[in-house]
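Hi,

Here is the structure I promised to pass on. Have a look at it first, and then read my notes below.

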Amino acid sequence: MEGRVPRIARLEQDWCEDVEDPEILINTLRKTAGGPDILTFSQRLPDLEPKYAYRMELDSMAALPIKSYSFWWEKQIERQARNKVRKAQKKGIVLRLTDFDDKLVRGMTSIFNETPIRQGRRFLHYGKDFETIKREFSRFSFREEIFGAYLGEELVGFIFLADAGKYAFLGQIISKIAYRDLAPNNALLAKAVERCAERGFPYLVYALWLNDSLGDFKRSNGFQRFDVPRYFVPLTPIGKLALKVGLHRGRKEAVPKQLRKPLKKLRKHWYDLRCRLANECTFR
């Protein structure tokens, strides 16, 4: 359940699970004391045609159709991205299937706490300790494979690849900013594509389609935009009002589209300034 007003319920792993019978869930939530105001759920690839009569909007997701690794390498990926995979190999980045153990969690903790700002915004996992990361990331390990990017014995990046049934899903891909020039993320993504081809997944899904630096990374690696139906069902009078005035997507989505890009740039400049001032204070 997210938010305060309105309170919005969704499947915790809605990238990986379907709502098989919406009416059962809707009726149960309506009878729940202190329950949500709105239920939202979406269809998943490859189901692109709307199936239900509820209030519907489109979610733009980034997905890579998988035929084979060689097809991706030769036909889908851009030359610059291909060169970065080669660069990672030449610079000594080694990829290994990795167990979720204490050694991995220590490496993850180091990566997460490298910097409070990533991609111009506050980083969600910065400041978390070993136990918190271990607890949060072990919950869905039953459906995930983990690949680590190593330079010598140091973990410099990792990827969580989830079996979502209808496709594979990138739950997390991240690397140390200090080693960005070695392109570990490109090597990790290449490994994910290779693994998807081996296991016969028809798609590799990488969350939402974006128009920023992360979106550029997705496009350069062959990801395409797919619009899938997302439904919003009001469960209370507050939910009905929220849908009517457009608050069902959250406060960020209520900001006019023409203002979002300038505000994102302003946010990035603000965080960059804070980081510079913090670093200056540290070294005085």
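A quick definition before we start: "buried" means under 20% relative accessible area, "exposed" over 50%, and "partly exposed" in between (1.4 Å probe, protein chains only). Helices (H or I, at least four residues) and strands (E, at least two) are DSSP runs, numbered from the N terminus.

Bear in mind that this is a predicted model, where local features need pLDDT of at least 70 and side-chain atom pairs count only at pLDDT 80 or more, while totals for chains, interfaces and linings use all residues. Residues are numbered from 1 along each chain as its sequence is written, and side-chain values use heavy atoms, with hydrogens and water left out.

Let's begin with strand E9 (residues 168-175). Seven of its eight residues are buried, so the rest of the structure largely encloses E9. Strands pair if DSSP finds at least two bridges between them. E9 runs antiparallel to strand E8 (residues 154-163), with seven bridges joining them; Gly157, for one, has Ser175 in E9 as its bridge partner. The E8-E9 hairpin has four residues between the strands, and Gly165 there takes a positive phi near 80°.

E9 also pairs with strand E10 (residues 203-208), in the parallel sense and over two bridges. Here Phe169 stands opposite Val205 in E10.

Then there's Arg44, in the loop between strand E2 (38-42) and strand E3 (55-65). Arg44 counts as buried because its relative accessibility is 5%. Its side chain makes a polar contact of 3.5 Å with that of Tyr167 (a pair of N or O atoms within 3.5 Å; within protein, one must be able to donate a hydrogen and the other to accept it, and residues adjacent in sequence count only if both atoms are side-chain atoms).

Cheers
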